[in-house]
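Trainee: Could you walk me through reading a few features of a model, starting with how burial is judged?

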Amino acid sequence: MNPYILATLLFGLGLGTTITFASSHWLLAWMGLEMNTLAIIPIMAHLHHPRAVEATTKYFLTQATAAAMLLFASTTNAWLTGQWDIQQMSHPLPVTMITLALALKIGLAPVHSWLPEVLQGLDLTTGLILSTWQKLAPFALLLQICPTNSTLLTMLGLTSTLVGGWGGLNQTQLRKILAYSSIAHLGWMILILQFSPSLTLLALFTYLIMTFSTFLVFKLNKSTNINALAISWAKAPALTSLTPLILLSLGGLPPLTGFMPKWLILQELTKQELPATATLAALTALLSLYFYLRLSYAMTLTMSPNNLTGTTPWRLPSAQLTLPLALTTTSTLTLLPLTPAITAALSL
């Protein structure tokens, strides 16, 4: 892609998200979401591959549906209450519709089916943008409306953690596994949103760091399926030995960073006298942990050389920058001791 066109699209991507962040009017927020969607569409389809075009079409139709639903709900709210302010949502009907529309935008279960299919059709760089940056604007709106429909949010959260763990069990494609991982982590964030928005922000922040490092590792190894991970020892031995720790951090095991948000979320749910919800969420995390362990096994405990079904890729040196990978990997592995400082900064 022409660098000037790419820069324009990335600028549009950032501008759309910024407009949504800064808006207090539903029409401006909707406009920012639409700019965001229209800017990423050419980036997704730039490979001109049938799978990329198919993924782009699915993404466009899904986002257009969610945006239309959001616009209809905000208009309904203006009709019922006489105001367009995002933080003054009082009627339960438009609040429920907007919550479901934003759930469709970010890929929460049970409206999640588009996310694994779309992510599978993209390259790892575009998939990284879709899994991280594209979640920010809808989450900003969810945090602003702070829906009080506890039953809806609890059901969305538990369903997402269950589907995110269950759906990734039989997958061999890394991008689909990361999509189901995203669904599971989003479920944890939604589960705690109504009780502690600052905890949701903390979980989102740690998710972004861990997902960023995971995508960069797979991009450095040029791996898109589990079999390709088995030959990563010859490409980057030191990174291959650290990657299982990154994956276990995604799974939420101590003493790694991913344990921090799950620990605090379970603690907050228990404080809110929801032990059954906390127990179910913790059990669904075991499902996610299983397929992270599968990836760790494929990378570190599978002997090389391997009889792969596909052609062994050329072991060419990667032109990828190593500083972002080093920073995110370090954060993914070592932020847990800073939990008291982080919680104090977020005023938890």
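Mentor: Gladly! At 1% relative accessibility, Y292 counts as buried, because buried means under 20% relative accessible area, exposed over 50% and partly exposed in between (1.4 Å probe, protein chains only). F291, at 0%, counts as buried too. This is a predicted model, where local features need pLDDT of at least 70, side-chain atom pairs count only at pLDDT 80 or more, and totals for chains, interfaces and linings use all residues. Residues are numbered from 1 along each chain as its sequence is written, and side-chain values use heavy atoms, leaving out hydrogens and water.

Trainee: How many aromatic pairs does the structure hold?

Mentor: Rings of Phe, Tyr and Trp (its six-membered ring) pair if their centres lie within 6.5 Å; planes under 30 degrees apart count as stacked, over 60 as edge-to-face and the rest as tilted. The structure holds 3 such pairs. One of them joins F291 and Y292, with 4.8 Å centre to centre and 55° between the planes, a tilted pair.

Trainee: Which residues does UniProt list for "transmembrane region"?

Mentor: The unreviewed UniProt entry lists 60-80, 92-115, 177-195, 201-221, 233-254 and 274-293. Such positions are given in the numbering used here, with feature names shortened, and annotations may be inferred rather than shown by experiment. For secondary structure, helices (H or I, at least four residues) and strands (E, at least two) are DSSP runs, numbered from the N terminus. Residues 60-80 are 100% helix and 0% strand, with end C-alpha atoms 30 Å apart. Residues 177-195 are 89% helix and 0% strand, and their end C-alpha atoms are 29 Å apart.

Trainee: Where is L10 placed?

Mentor: L10 is in helix α1 (residues 3-22), and at 39% relative accessibility it counts as partly exposed.
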